[in-house]
Each structure stands twice: as C-alpha cells, then as structure tokens.
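Please read the numbered points alongside the sequence and coordinates.

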Amino acid sequence: MPGTMEPINIGLMGLGTVGGGVAAALSNNAEEIQRKTGRTVCLRRALVRDAGKTREPAPPAGVLTTNPEDILADPEIHVVVEVMGGDSPAGEYLERALAGGKHVVTANKEVMARRGASLLALAQSQSVNLLFEASAGGGIPIVGCLMSQLLANDIRSIRSIINGTTNYILTRMARSQTPFAEALSEAQSQGYAEADPTNDVEGIDAAYKLSVLGSLAFHQSIPHEAIHTEGISRLGPEDFRYAAELGYAIKSLAIAAAQPDGTVQARVHPALVPEDHLLAKVDGVYNAVEVTGDLCGQIILHGQGAGRDATTSAVMGDILNVVRFIDSAGPPPLLPVPNGRGHQVGNSIRPIDELSSAYYLRLTCADQAGVLAQIARLLGDGNISIATVIQKDTDPGSGTAQLVITTYPSREADVQTALAAVAKLGVVVSVDNLIRIEQ
Ligand SMILES: NC(=O)C1=CN([C@@H]2O[C@H](COP(=O)(O)OP(=O)(O)OC[C@H]3O[C@@H](n4cnc5c(N)ncnc54)[C@H](OP(=O)(O)O)[C@@H]3O)[C@@H](O)[C@H]2O)C=CC1
Ligand SMILES: N[C@@H](CC=O)C(=O)O
C-alpha cells in the first residue's frame, strides 16, 4: 500500500456512462477529494473495449488501455473500480484484483448477485475492501444503509422500485401514452439502460439488485435464480387506463419479505399500487426502497436509480471510503461475508405459488349476457371472490368486449388453476393480463 504522502492510484475498468462520470469526478473534484481524504486520488489507467472511440472529455494521454493486465498486474494501482458490466470477464478481473491485494469498488449488480459471496470472502481473506453501493438503487445509499445503519434491525421486508429504465418506461406509458419501444429508446439514450435492455424490461436487473439487497437485509443468500421474475413487456396502454380508473398506478416492484416460518419471499413483477401510496408516486428514473425493520419501523429512501451523475455519486462515495480505510491503519474490513458471523448457511425462498394476493385480471370476452356469471362461477369454484368489475365495449360491432376484474386476496396457485379453466370457456376470447395488486 502507498505511503501516507503518496497518491492512491485508480484502475478504472470501463469508461462508458458510469466510468465517464467517475473519471470526470476524479478530475473535477480532485481538490475536494484531497481536502476530504488528505490524499491525491489519481486515475492511472482506464480499460475499454475500443480505444479508437471518440470520448467526451478525451481521457489524458496514456490512460486508455484495452489490456486488463495494465491494471491487474500494475503494483502501483491500489484500487480497481469496475464499471464494465456483465458477469464475465468482469467477475474474473475482480477475482484477480482482490487476490492481488487490490481494493475493489464495483457498480456491477450481476457480478455481485452471481459471485458476491465468493468475492466478499476473498476480499476478507486478503484484508482488502470490496464496496458495491452503486450495484443497487443508483444514487440511493441503500447498500451502505443495510450494511451499517440498519444492521441492528430485524428486517421484515423490502418493497422497492429498483430499475430506473423500467420505471421511466412505465411513467411515460402512464402519463403520455408513449409507446413502449419509444420510451425504452429514450431511456437508452439517457444512459439508464443496461447494455442488453432485456435485463431491464424483463426484470432480470431488478432481480440481481434484489438478490444483493435481500442477502444484506436477511443475512442469508437470496440467489437471483430463486427470485420469481416477471417483466413489463406484456403491459398494454389499456392496463394503465383501467388501473387509473380503479385508483391504482402500475409499477414494477421488487419485494423481499420475511415469512413467519423463517423463509423469505422474493419476487419482481409489475403490480397495481394504490395511487396514494408513496411507491405509486415514484416517477421517471427515480427509484425508492421501503425498508421495514423491527426497530426503525418503515423507512423510504428515494432518489435517482440510474444515470451518470447519480451512479457516480455512489461509486465515488465507495472510492473515498476505500481511501479512508487505507489510511485508517485499523482492523481488516468488516464485510458482509456469507456464512460468516450472523449469516445463515443455505437459503429458503418461499415458492410464489404460496403467495396470497389480490389480482387485476383483464379478459376479452364475447359481448353477450351471462359471460360474467360464468367467469364468476369458475373463479368461485377456485375460492376466488371478485371485488370489482369494469365492462367495456371497446370495439363496437366486433362482438367482443373487455372485462376487467379485481379479486380479493387469493392463493397464486388457486388463481392460476382457476384462470386455466376460465381460458377454456368458449365465451372467453383471450386472457390479456393478470397483475398482482400490492396494498
Ligand atoms: N448506467 C447506469 O445508470 C448504471 C449502471 N450501473 C452499472 O454500471 C456498470 C457500467 O454501466 P454503464 O456505464 O451504463 O455501461 P456502458 O455500456 O456505458 O459502459 C461500459 C464500459 O465498459 C467497457 N467494456 C465493456 N466490456 C468490456 C470488456 N470486455 N473489456 C474492456 N472494456 C469493456 C466499455 O468499453 P467501450 O467504451 O470501448 O465500449 C465501456 O467503456 C454496469 O455494471 C451497470 O449495470 C449501475 C447503476 C446505474
Ligand atoms: N439499467 C439500470 C441501471 C442502474 O442500475 C436501471 O435502469 O436501473
């Protein structure tokens, strides 16, 4: 490690939306960083795929490289900041960096969801830090909050909006009837979306983030593969209209909740949220995380969940904390190492089938008398009671009508069985959507 008067050198892996923001902050805020940490923090190398790309601002001469060894094998680089994205090769680079005694800061939720447990154990064994605030919630300091200030709590639940791209798209669709593809392209041009936006719109990115947050909150591994995950691509403009008529907004929620039997329920899916709930008011690229703990009660953190500056704030916070750690000469970092003290071995995720929830159901049916009665009978046979009904002759002359039903809370497994029976009714043309209602 560097002597007390020497600079701390950063090896930046990735110089895109977030990496560009971090490089700019290291340069523009150099004096302030020096004032706050007593150290000069220098960008020594920046790894990219294409060194010929035009970059604004252009990095200083000699900084760009396409060879990861220029960072991993350089003993003068003390901190690796990974903002490349994806599991591989980023994951292998981080393993190498930690094994080589370098501190690591990453914004990569996929790597932390897939390899966080082993990376944290490696960091612990090497007495180096591994910080990952930007991996969930963008500029919202939720990771640090769960790791430190809320640590004394028995966390009961996390209910959150943790994908900026999706929330941006849903807001545009609800407010201005913007078509899905156009709203996605706007989110991409603002730098919010992942390299493969399927991860955003299909809920995969939110599942990675929920895996990170849930593992910290419940002190057990919440594997992303075990999280029930649904995307937003099946939502149509009519769903937003009907939801508003019923007094709800549609949001993509990521929820992890402790169950009385010690298991955890973890799910990412679109949901109807009452219009007066705080989560319903989170719009555009903003995210929010509601944490309920036995001591703190309910806390809601709200802020920008994606974008260059907000994410740079989280990454830079981690960098400055690493610099302070280097100079603290204190004990090794206290990382949330899985299977370590207070961390349960194994995991127990409750299957979605056992969830009890109210539902919004949209159907296209024959426009004739008695249809609702037939559907109500089949739902009733499956122990599902109807709460409200909206009937619309949306396409006069077509012989079909739209039926929107909300139900009282019922078991997911019962709803799926009853719906399969409803779909087979001759008078039902199509089952267009089924969305959970979150109170
Ligand atoms: N954008 C956002 O709002 C947020 C992003 N994140 C996370 O931050 C990370 C980076 O995201 P973002 O900045 O948007 O991504 P970008 O696609 O904008 O940038 C990725 C950068 O990594 C470089 N890169 C990618 N793969 C390789 C590789 N195999 N070898 C060398 N260089 C590589 C690219 O090089 P080149 O420039 O040559 O193409 C580019 O500079 C991701 O993990 C993302 O999930 C987290 C929170 C918010
Ligand atoms: N693609 C992500 C970026 C931040 O994590 C999002 O849209 O939230």
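The points below take up confidence, domains, ligand shells, helix packing and backbone geometry.

1. Basis of the model. This is a predicted model, in which local features need pLDDT of at least 70, side-chain atom pairs count only at pLDDT 80 or more, and totals for chains, interfaces and linings use all residues. Residues are numbered from 1 along each chain as its sequence is written, and chains are lettered from A and ligands numbered from 1 in the order in which they are written.

2. Confidence. The protein has a mean pLDDT of 94, with 97% of its residues at 70 or more; pLDDT is the predictor's confidence in each residue, from 0 to 100. The model's scores are ipTM 0.99 and pTM 0.97.

3. Domains. Three domains divide the protein: domain 1 (8-131 + 309-328), domain 2 (142-305) and domain 3 (355-437). Their bounds come from an automatic or database domain assignment. Between the C-alpha centres of domain 1 and domain 3 the distance is 52 Å.

4. Ligand 1. How many residues surround ligand 1? There are 27, the closest being G14, G16, V48, G85 and A306; a residue is near a molecule if its C-beta atom, placed from the backbone, lies within 6 Å of it. Domain 1 and domain 2 each supply at least three residues of this shell. Helix α1 (residues 17-28) provides the largest share, three residues. Helices (H or I, at least four residues) and strands (E, at least two) are DSSP runs, numbered from the N terminus. By class, the shell around ligand 1 holds 12 nonpolar, 10 polar and five charged residues. In this scheme Ala, Val, Leu, Ile, Met, Phe, Trp, Tyr, Cys and Pro count as nonpolar, Asp, Glu, Lys and Arg as charged, and the others, Gly among them, as polar.

5. Ligand 2. The shell around ligand 2 consists of G138, N163, G164, T165, Y192, A193, E194, D200, D205, G305 and A306. Three of these residues are nonpolar, five polar and three charged.

6. Helix packing. Axes are lines fitted to C-alpha atoms, for helices over the stretch in contact, and angles run from 0 to 180 degrees between N-to-C directions. Helix α2 (residues 30-37) packs against helix α12 (residues 308-328) at about 40°, the axes being 10 Å apart. α2 is therefore oblique to α12, since angles under 35 degrees count as roughly parallel, over 145 as roughly antiparallel, 65 to 115 as roughly perpendicular and the rest as oblique. The crossing of α2 and α12 is right-handed; a crossing is left-handed if the near helix is turned anticlockwise from the far one by less than a right angle, and right-handed if clockwise.

7. Two further pairs. Helix α7 (residues 164-176) and helix α8 (residues 180-189) meet at about 135°, with axes 9 Å apart; the two are therefore oblique to each other, and their crossing is right-handed. For helix α5 (residues 109-126) and helix α10 (residues 204-218), the angle is about 55° and the axes lie 8 Å apart. That makes α5 oblique to α10, with a left-handed crossing.

8. Backbone geometry. Most residues other than glycine have a negative phi, and most peptide bonds are trans. The E56 to P57 bond is cis, with omega near -5°, and P57 sits in the loop between β2 (41-47) and β3 (64-65). S88 and P89 are likewise joined by a cis peptide bond, with omega about 10°; P89 belongs to the loop between β4 (79-82) and α4 (90-99). Q177, in the loop between α7 and α8, has a positive phi near 55°.
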